Amino acid sequence: MKFQAIVLGFCLALPTSVFASEPSTTAVRQALDAVPRDPHAVINQSHYVVSNEFHHHTLRSHVKPTGGVYIGIGTDQNFILIPWAKPRYAVMLDLDQVIVNVHRVYEVAFRVSKTPSDFRLFFAPGRQARSRRAIQATVKDPALRRVVKNTLRRYRASIYKRLNRVRGILRRSGVKAYLTDQDTYDFLATMCREGRFYAIRGDLTGTKSMRGMAAVFRRFGLQVGTIFFSNAERYFKYTGAFKTNMRSLPFGPQAEVIRTSKNPNPRTYQYYFQAASGFLAWLSRPKVRRVKQIVKAGTRTKTRRVYRVEKSPGS
């Protein structure tokens with residue numbers, strides 16, 4: 001009896017998460033499917049199908065394996081960061097439906113390609129017929145299948161050019177990433193094959209998608225480990241809706257915010273890291289209305305173009 005009591009006391013003292021089962025990927029995806037979408041919109045009348053950022057390889061020592069959910073804005077630049085952040089789920093968010101469709105093409109490419117080279121060649125000019133057959137076999141919904149095929153046809157050349165350029169940069173830098181390293185590539189491919197990569201149309205300043213996503217994460221006990229804004233924040237003010245959206249996210253204790261900001265040299269970007277808790281502290285100040293107020297508080301790291309925001313607002 002004494003032994004049983006000790007065991008029972010030990011079990012009661014353990015956090016409930018020890019006993020909580022991992023939510024099924026199917027259930028999570030179905031819940032995300034049901035999230036209301038914000039309206040489709042574009043910035044500057046352009047579809048940003050490929051990134052114009054080229055120095056994400058320099059962030060290797062700064063990206064923390066925060067796990068949980070990775071939320072990313074933009075397209076291919078996220079594929080360098082995701083394996084380093086080691087999330088359980090990756091959710092790509094964009095207010096442009098074209099970008100969401102591009103991610104659906106990427107998801108198929110990761111699912112069917114065994115190697116980094118196979119993935120890159122999925123978009124090559126001579127592989128169009130093979131890639132279309134892969135889409136036919138992989139995407140079951142006829143309407144979505146047509147969308148994915150048409151998206152590949154329209155943007156294949158731009159994506160292939162971008163992937164080749166990024167691969168060259170990664171090779172010269174010696175940094176292991178998804179286009180040059182099998183293990184890193186496998187992390188992304190496995191996420192896609194297991195259904196843990198998801199793209200959703202949403203507006204950071206909207207009132208539907210972000211809050212719906214946050215509710216799904218909370219429902220399944222998922223914490224946000226990393227949010228990558230790219231340079232999206234430059235296009236809007238920190239409205240009440242945006243601040244509410246950020247506060248609604250269940251950030252983990254080590255969660256990080258990563259953003260890019262234009263360098264004085266307009267052809268390059270600077271990268272800013274900030275603890276999510278610190279970001280929320282800045283957003284709690286009514287006078288904080290623009291991202292430039294935050295990046296001004298950044299301090300240089302030993303890595304060129306990389307800054308950390310450690311200061312609290314008003315300090």
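## Two strands side by side

Let's start with a pair of residues: Ile227 stands opposite Val257, which sits in β5. Strand β4 covers residues 224–230 and strand β5 covers residues 251–262; strands (E, at least two residues) and helices (H or I, at least four) are DSSP runs, numbered from the N terminus. β4 and β5 pair in the parallel sense, over five bridges; pairing takes at least two DSSP bridges.

This is a predicted model, where local features need pLDDT of at least 70, side-chain atom pairs count only at pLDDT 80 or more, and totals for chains, interfaces and linings use all residues. Residues are numbered from 1 along each chain as its sequence is written, and side-chain values use heavy atoms, without hydrogens and water.

## The sheet and its helices

Step back, and you find an open sheet of eight strands with mixed pairing. Read across, the order goes β3-β2-β1-β4-β5-β6-β8-β7. At the edges are β3 (197–201) and β7 (299–300), each of which pairs on one side only.

Helix α4 (residues 97–112) lies across β2 (89–94) and β3, and runs at about 165° to β3. Helix α9 (residues 209–219) packs on the sheet too, touching β1 (69–73), β2, β3 and β4. The direction of α9 makes about 170° with that of β2. Here axes are lines fitted to C-alpha atoms, for helices over the stretch in contact, with angles from 0 to 180 degrees between N-to-C directions.

## Where α3 meets α8

Helix α3 (residues 77–85) packs against helix α8 (residues 182–193) at an angle of about 95°, and their axes are 9 Å apart. That makes α3 roughly perpendicular to α8 (65 to 115 degrees).

On the α3 side, Phe79, Ile82 and Pro83 make the contact, and α8 brings Thr184, Phe187, Leu188 and Met191 (contact means heavy atoms within 4.5 Å). These contact residues divide into six nonpolar, one polar and no charged; Ala, Val, Leu, Ile, Met, Phe, Trp, Tyr, Cys and Pro count as nonpolar, Asp, Glu, Lys and Arg as charged, and the others as polar.

The largest pocket has a volume of about 540 Å³, the space filled by probe spheres set on grid points joined across faces, edges and corners. On a 1 Å grid over the protein atoms alone, a pocket is an open set of points with protein on both sides within 12 Å along at least five of seven lines, a cavity is a set where a 1.4 Å probe fits but cannot get out, and lining residues have an atom within 4 Å of a point. The largest pocket is lined by 29 residues, and Ile43, Tyr48, Ile73, Ala232 and Tyr235 lie nearest its centre. By class, that lining has 13 nonpolar, 10 polar and six charged residues.

The second largest pocket holds about 400 Å³ of space. Its lining counts 17 residues, with Arg29, Arg104, Glu107, Arg111 and Leu144 closest to its centre. At least two lining residues come from each of α2 (25–33), α4, α7 (142–173), α8 and β3, and the largest share, four residues, is from α4. This lining splits into seven nonpolar, two polar and eight charged residues.

## A cavity inside

How many cavities of 30 Å³ or more does the structure hold? There is one. About 80 Å³ of space lies in the largest cavity. Of its 13 lining residues, Phe54, His56, Ile80, Arg162 and Val166 are the closest to the centre.

α3 and α7 each supply at least two residues of this cavity's lining. The largest share, four residues, comes from α7. Sorted by class, the cavity lining has six nonpolar, four polar and three charged residues.

How values were computed:
Angles under 35 degrees count as roughly parallel, over 145 as roughly antiparallel, 65 to 115 as roughly perpendicular and the rest as oblique.
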